[in-house]
Each structure stands twice: as structure tokens, then as C-alpha cells.
Amino acid sequence: MSAGRIPNWADVTLVPLFSVALAFALSAVLIWAIGESPWDAVKLMVQGAFGSSYGWGYTLFYATNFIFTGLAVAVAFQARLFNIGGEGQALLGGLGVALVCLYIPWPHWSLALIAASLGAALFGAAWAIIPGYLQARRGSHIVITTIMFNFIAASLLGYILVNVLRVRGSQDPASPRFPAEVALPKLHEMLALVGIPFSRVPPVNISLLLAIFMCFAVWFMLWRTRLGYQIRAFGESEPAAEYAGISPARITIYVMLISGALAGLMAVNSVMGEQQRLVLNAVEGAGFIGIAVALMGRNHPFGVFLAAILFGFLYQGGAELALWMSIPRELIVVIQALVILFTGALDNMVRMPIARLFALRGGR
Amino acid sequence: MTAIKPLALTASVIALSAGLAHADSTPALMFDLGGKFDKSFNEAAYNGAERWRAETGGSYREIEMQAAAQRVQFARRLAEAGSNPVVVMGFQNAPTLEEVAPDYPDTSFVLIDAVVDLPNVRSVIFAEHEGSYLVGMLAAMATETNTISFVGGMEIPLITAFACGYAQGAKAVNPDINIIVNYTGDTPAAWNDPVRGGEIARAQFSQGSDIVFAAAGGTGLGVLQAAADAGLRSIGVDSNQNYLHPGSVLTSMLKLVDQAVYDAFSEGPGLETGIVLMDLAAGGVGYSLDEYNADMISDQMQEAVEAAKAAIIAGELGVHDYRTDSVCPAF
């Protein structure tokens with residue numbers, strides 16, 4: 001798109017790869033500066049995240065969250081709408097999941113999964129449609145409204161958890177535990193069916209497949225349907241799209257609905273798959289990580305998938321780091337921030353030299 | 001169980017970071033999501049652990065979380081690494097220990113702020129309402145405007161129990177007293193937002209309050225600062241915060257989390273389990289009196305509070321705990 005001189009394959013692989021490498025190099029300097037060995041730290045992170053099925057399980061669990069929120073941001077960004085309300089939409093998605101799981105007796109988890117997914121998507125979409133409407137009809141900027149809606153969502157959830165869903169007499173503002181029938185099958189149970197042993201401990205579950213399916217669905221929607229074409233056309237140029245008969249208001253609202261639904265779906269993994277109850281602040285920043293994931297994944301579902309794995313690795317590897325070396329939690333946040341900085345904000349710093357390199361090769 | 005894989009990994013990790021991780025009963029401390037330096041609950045635990053380290057020269061392992069999914073993960077990893085006892089902070093970790101503790105019967109766990117009924121778990125709970133009652137009395141006796149206020153972190157039952165105890169104590173002194181109650185927010189940021197804390201305190205002052213009690217973690221520092229700036233008085237929380245603004249901090253509601261951690265570390269593996277109630281009688285909660293606030297607490301005030309304290313300990317005076325039925329008689 002913006003880089004005319006770089007072949008497409010290099011734009012989607014080389015640029016992010018170099019950005020990440022730079023971020024890691026700088027992180028290594030930081031780790032060295034606080035008196036720890038960068039080599040040990042890297043070994044520990046890779047070992048912890050990919051060295052066992054236990055590590056893989058946690059990496060994939062976190063990645064599942066980030067796929068959903070990353071897709072949510074990516075879809076909106078295809079229409080050049082910056083939905084930074086994934087946090088709030090996922091919180092509401094959690095409420096949808098909890099209501100479905102708590103108040104309807106389900107005979108089997110598969111039915112519950114379908115209904116909970118619908119509930120999560122519906123609640124997430126409902127939370128996103130209000131900023132979408134305000135943008136489409138009133139011109140209120142979506143960045144402002146979506147971030148404000150994050151706070152409203154937190155307040156609403158706080159109120160509902162403390163006053164409505166809380167178990168009487170418990171001081172923990174959390175919903176009761178969901179019945180055992182709606183427990184989602186974990187990855188180790190699914191892999192056991194085909195004879196692959198996998199650690200039982202990590203909470204990675206069938207939502208991972210749902211997330212991968214959504215990657216395909218989003219790709220199909222964006223590049224193989226009329227709506228997707230309209231979304232991308234609208235994103236490239238609003239006046240041109242309008243001239244072509246595409247209603248900006250309609251597209252804005254549709255995109256926000258899809259985006260909110262995707263963010264809401266995250267709750268299927270975290271609330272239904274892991275916590276098995278709705279707790280305060282169930283999203284824990286995954287909505288914001290989704291922005292970085294989408295940025296890094298170039299707003300393409302496959303890129304989002306890879307970027308989500310990278311952030312899953314940072315989460316799980318970072319946890320191992322905090323557990324076994326005296327590297328504080330904050331440094332892991334710094335490493336994550338560096339990755340975001342290099343892949344998002346300093347994109348051109350990497351792209352331009354690469355473009356020059358390609359120009360040189362082409363000129364020869 | 002497929003504990004083999006994690007165990008093998010743990011072993012390799014220990015070998016890898018040799019010198020850092022001694023096996024065999026190093027105590028461990030697992031902070032809640034607020035993080036180690038939250039100026040409140042978690043930091044108090046950290047201070048208790050540090051005191052133990054300074055006094056015994058021992059070492060301990062500590063871990064901060066980033067995500068709720070790590071609760072079970074970390075508790076397991078600490079137990080597998082041979083940490084004993086494992087002290088776990090926060091009521092949100094009750095389900096964590098219900099899941100993890102049965103798998104490690106030889107490890108002693110200590111849960112702060114909630115109860116888990118398992119043979120190898122010590123549950124430490126605090127009677128925050130009793131301590132709050134005493135500082136509420138002091139506030140009611142010290143106010144000149146007949147209006148006092150409260151700044152909580154988040155409106156959750158634990159914090160409402162502080163507010164409720166405070167209000168009961170104040171009304172016991174003066175049934176007509178005006179009590180303003182506000183909460184900072186609904187996101188975890190509410191525990192660490194001193195600027196907003198200061199704003200809320202100033203809004204309360206403009207409504208006539210001249211004494212404000214902050215139970216809001218790091219946010220409380222802003223509340224105390226606002227009171228000092230306005231020449232009014234405040235009440236600190238958790239640890240003794242009297243020294244922060246001498247002459248302005250009337251007293252502090254003590255909740256000795258550090259003591260609970262220190263005790264657990266000192267007793268070591270195989271510590272006595274069951275419920276430990278840190279109430280007024282046990283000295284787990286209370287109000288602070290030192291050289292920084294001695295001028296503000298008159299003998300008469302102290303007598304009244306000590307009388308109430310004795311009555312509570314003797315069981316003659318009951319302070320209602322909001323958490324039992326979500327109702328507060330004083331609101």
C-alpha cells in the first residue's frame with residue numbers, strides 16, 4: 001500500500017521480522033543493563049513458552065485471546081476505523097457468556113459453546129454499535145467514544161458483579177461458578193483423541209479452534225464477499241466509496257458490529273474456557289494488546305494469527321522470566337512495549353532501508 | 001497426571017538459573033494483580049517478607065502476575081519448585097488454592113484475605129470493620145463541621161466493609177453526623193490514582209467534610225496530600241501512614257498484612273493451618289498512635305476509643321460486618 005517499492009512478500013514478512021529483531025536486541029541491552037544475562041533470559045523465555053507442551057499450552061491460551069481482539073481491531077482498521085474499545089466489548093462479551101452459561105441449563109458443552117459464542121458476539125457487538133452509530137450519524141470520533149465506552153463497560157460490569165451476580169455472602173465480586181456441563185474441552189482432551197499427549201495443566205481449550213476459524217472467516221469476509229469489498233473500498237477512500245454507491249454510515253455500523261462481536265468472542269476463551277465464572281476485570285488488557293497485534297499483523301487475519309502467537313510467547317515466556325530470574329514484571333511490559341513501538345510507530349524506520357535495499361537491487 | 005513434563009522443565013530451569021533458585025523450603029510470596037509496589041495491600045506483604053529477610057538472613061521467592069490465568073499457573077510452579085510455605089495474596093486467589101493445594105499436600109499454603117478449608121491451607125482474614133469502627137469514632141470526635149468522608153478504591157464488598165465500619169463508629173459517637181462516601185473507579189487503576197483521589201477529597205471538603213478516611217491503596221496518598229494542602233485532616237490505611245503528613249493525618253487504620261506474611265515465613269514449612277482471624281483482639285487491625293499524631297488525639301478521645309476497643313474484644317460491642325449480608329446499618 002504505502003510502500004510502493006517493496007514487494008508484497010517482503011512488506012508482510014521482512015519488515016515485521018526486522019522490527020521484532022530490533023525490539024529484542026534493545027530488550028537484550030536492557031536486560032544486560034540491569035545485570036542479568038540476556039542469553040539466559042532468551043533461553044528461559046523460549047524454553048518456557050515453546051519448550052514443553054505445558055509452555056505451548058499457555059502460549060496458545062494467551063494467543064487465543066489476542067487473535068480475537070487482534071481480529072477485532074484489524075477488521076475495523078480495514079475501514080480505517082480505529083476501534084480501541086476492544087477491552088470494553090470483550091468485558092460485555094464476558095457478561096453475555098456468563099448469562100448464557102448461568103441461566104440456561106445446557107445438556108452438553110457443544111450446545112452451550114454455540115449459544116455462548118452467540119451471546120458473547122451479541123453483547124460485544126451491542127457495545128460497539130453505540131460508538132459506531134455516533135460516528136456514522138453524529139460524527140463523534142470513534143477513538144474517543146470507544147475508549148470512553150471501555151470505562152463505562154468496567155463500571156457496568158463492576159455494578160452487575162457486585163450487586164447482581166455475586167454469590168450472596170461472598171466478598172469476591174464474581175459470578176457463581178458455571179455448571180460442570182458447560183466446561184469446554186481442553187486441548188489435551190482433544191489431542192488425546194488422536195493419541196497425542198499434551199499437558200493437562202494449561203487452560204488452552206477448544207476456543208483456539210474457534211479463533212482459527214474466525215481468522216478464516218474474517219479473511220473470507222474481507223476478500224471474498226461484497227461487504228468485504230465495500231469495507232476495504234471505504235477504508236481506501238471514503239469519497240470514492242460514496243461515489244460508488246457505498247453508504248458510509250451503513251459500512252461504519254456494520255464494521256463496528258463485526259469488530260465488537262469479534263472482541264466479545266474473546267470471552268469464550270477466557271471466561272468460559274478458563275475462569276469458568278465471570279470475575280472483575282476479566283479482560284486484563286487483552287483488548288489493548290489486540291491493537292498491537294493488529295498493527296503487527298498488518299491488519300491481515302494471517303498476520304494477526306502470527307502476531308498473536310508472538311504476544312502469547314511474550315506473555316508466557318515473560319511469566320517464566322519473572323518466575324525464575326530476578327527480572328521484574330515491569331521489564332516484560334517494557335519488552336512488549338518495544339515490540340509495539342518498533343512494529344507500529346517506528347515502522348518506516350525499518351521499511352525505508354529495506355525499500356532502499358530493494359531499489360538498489362532493482363536498479364542493478 | 002502429566003506432572004512429569006512441567007517437573008522436567010522445572011528441573012532444567014533450576015539448573016539453568018543455578019544460584020537463584022535453591023530447592024528445599026524457600027518461602028514464596030505470590031502477589032495479587034495489583035503488583036508488588038501498590039503502596040497498600042501487596043506492598044505490605046512485601047514489607048513483611050523483607051522484614052523476615054532482614055531479621056533471618058534467609059531468602060524467599062516472589063512472583064507478580066500479569067493475568068488471572070497465571071494464578072493457578074504460578075501457585076503450581078512455586079509449589080513444584082519446592083517453595084514452602086507459599087503465601088498467596090488476595091481473596092481472588094481462594095479458587096486458586098482450592099484447585100492447587102490438594103495436589104501438593106506436603107506444601108503449606110497461606111491465603112491472605114479469604115478462607116479456603118483445606119488441611120494444608122492457613123486462611124488469614126482481617127476484621128477491617130472493627131479497625132474502621134475505631135477510626136470512625138476518632139473522626140466523629142475530631143470533626144468541627146459535623147461532616148466526615150470516606151474515599152474507597154473500588155465499590156467492592158471488602159472496601160464497603162471499611163466504609164460501613166467507619167460509619168458505624170462515627171454514628172456511635174454522634175448519631176446525627178454527616179458521612180460522605182465516594183469510590184474512585186471501577187478499573188484496577190482505581191487503586192493507584194492519587195490525582196483522582198485528591199480531586200475526590202477536595203470535592204468532599206467543598207461539601208463540608210473536614211476529615212477524610214482513604215481506603216484506596218495508592219490513591220489514598222493523593223487523598224492524604226489533598227487534606228494536608230487544605231489544612232484539614234485525613235486517616236490513613238493498612239500501614240501506619242501518620243508520618244506522611246504530621247499534624248494532618250489524624251490516625252491510620254492498621255491492617256497488619258505484613259505481620260501475617262512475617263509470621264508465615266517465620267513459622268516455615270508445616271505451619272499451623274486453619275483460619276487465623278486477625279481482629280482487634282489478635283492485634284491484626286487497630287488504629288495508630290505515635291509521636292506524629294499525639295497532639296491531635298486528646299486523652300478523652302483515646303479513652304473513648306480504648307473503651308470501645310475493650311468492649312469489642314470482650315464481645316459486648318458488636319460491629320456489623322457488611323460482607324456477611326451486604327447491608328450496612330449505618331448508611
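Mentor: Welcome! In this predicted model local features need pLDDT of at least 70 and side-chain atom pairs count only at pLDDT 80 or more, while totals for chains, interfaces and linings use all residues. Residues are numbered from 1 along each chain as its sequence is written, with chains lettered from A and ligands numbered from 1 in the order in which they are written.

Trainee: How many residues of H3(A) are buried?
Mentor: Helices (H or I, at least four residues) and strands (E, at least two) are DSSP runs, numbered from the N terminus. A residue is buried if 20 or more other C-beta atoms, placed from the backbone, lie within 10 Å of its own, exposed if 12 or fewer, and partly exposed in between. H3(A) is largely enclosed by the rest of the structure, because the number buried is 25 of the 26.

Trainee: Is A:Arg80 buried or partly exposed?
Mentor: A:Arg80 sits in the loop between H3 and helix H4 (86-103) of chain A. Its phi is positive, about 55°, although it is not a glycine. A:Arg80 has 15 C-beta neighbours inside 10 Å, so it counts as partly exposed.

Trainee: Which loop holds A:Asn299?
Mentor: A:Asn299 is not a glycine, yet has a positive phi of about 55°. With 19 other C-beta atoms within 10 Å, it is partly exposed. Its loop lies in chain A, between helix H12 (286-296) and helix H13 (301-324).

Trainee: What is omega for the peptide bond from B:Asn84 to B:Pro85?
Mentor: B:Pro85 lies in the loop between helix H3 (70-80) and strand S3 (86-89) of chain B. The bond is cis, with omega near -5°.
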